[in-house]
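I wanted to go through a helix and its surroundings, then some charged pairs.

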Amino acid sequence: MSETALSAPVCVIGANGRSGAALCRALIAEKVQVIAVVRSAGQLAPDLASSCKAVRIAELTDPVALPIALEGASVVVNTAHARHIPEILAATRAPVVALGSTRKFTKWPDDHGQGVLAGEAALREDGRPSFILHPTMIYGAQGEDNVQRLALLLERLPIVPLPGGGRSLVQPIHQADVTRALLAAIHLLIKGDVAAPESIVIAGADAVPYRTFVRMVLMFSGLGGRPIISLPGWLLIAASRITKHIPGLPRIAPEEVRRLLEDKNFDTTPMQRRLGVHPTSLTAGLQHLLATPQNGTETKA
């Protein structure tokens, strides 16, 4: 990071979340001053509370507190939901890096995906140098629950029922690659190499059928094999509404089942060329994750 970057802090909104905390730690490791913006000081990890330049409290919907929280930032990074981008743009003139989601491409629009689209539209309309990065499913964060929750569920199931036999493609991205992409976007903005809003999908190196993903999780978790059976999506959606009431089973929302019926595979060339991030292979990422004890849970992308 350049001397210019070192002279002005980076504000990280959502520093208590998984992607936000990982980014804060990476910036601090680069000797960059970090202002953590959270809804409550008690939510921030102790190491970040002691190593950030400042911890500022603000609701993203508060038009008075938010500008104060973002004051003096060289770059504002939003790792909270992209629906809050309009409020952030109104609160600062600093360039913005935001996390969106590939949920914006779903065939079944929901509040999450619509919020991402609205945030991206606000960035385009504003026109300032900025990035919105759209990750696929994120795994590998400290305390993640995308893969860990799946492993827990698989441990309890003698067979694995998947909609459509699990043939739809998934392309998970490792948290380390998300962090590197955010860092690259910050660097580009500080260097003045961005002229207008840019939207980039960030995804893992490998797109595989979900049934293959399940088998990889089984293998690297040491759970052995499980028969995979194909069931209609409507039946599994109905079952998900029942199993959420069964103690000991991870909750699977109906919309999660539905999204297993659509392919989620993306070209990573823009990510590699513009951000210089070459994503981790799924094999390497899962091997490392499932060989490492995890705690807590993670947000789904």
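My entries follow, and I kept in mind that this is a predicted model.

Helix α6. I started with its length. α6 covers residues 111–126, and at 1.5 Å a residue its 16 residues should span 22 Å. I looked up the end C-alpha atoms and found them 22 Å apart, which agrees.

Next I asked which residues of α6 are buried. They are G113, G115, V116, G119, E120, A122 and L123. These buried residues pack against α5 (85–91), β5 (96–99), β6 (130–135) and β11 (197–202). Just past the helix, I noted that G127 has a positive phi of about 85°.

Salt bridges. How many does the structure hold? I got ten, and I looked up a few of them.

D126 and R93 meet through their side chains at 3.5 Å, N to O. This pair ties together distant parts of the chain, with D126 in helix α6 and R93 in the loop between α5 and β5, 33 residues apart. D126 is partly exposed at 28% relative accessible area, while R93 is exposed at 61%. I also see R93, D126 and R128 joined in a network of salt bridges.

R39 pairs with E59, with the closest N and O atoms 3.2 Å apart. R39 lies in the loop between β2 (34–38) and α3 (46–51), and E59 in the loop between β3 (54–57) and α4 (65–69), 20 residues apart. R39 is exposed at 58%, and E59 partly exposed at 35%.

Last one I checked: K191 with D193, 3.7 Å from N to O. K191 is exposed at 56%, whereas D193 is partly exposed at 39%.

Note on methods: Residues are numbered from 1 along each chain as its sequence is written. This is a predicted model: local features need pLDDT of at least 70, side-chain atom pairs count only at pLDDT 80 or more; totals for chains, interfaces and linings use all residues. Side-chain values use heavy atoms; hydrogens and water are left out. Helices (H or I, at least four residues) and strands (E, at least two) are DSSP runs, numbered from the N terminus. The expected span of a helix is 1.5 Å times one less than its number of residues. Buried means under 20% relative accessible area, exposed over 50%, partly exposed in between (1.4 Å probe, protein chains only). Contact means heavy atoms within 4.5 Å. A salt bridge is a side-chain nitrogen of Lys or Arg within 4 Å of a carboxyl oxygen of Asp or Glu.
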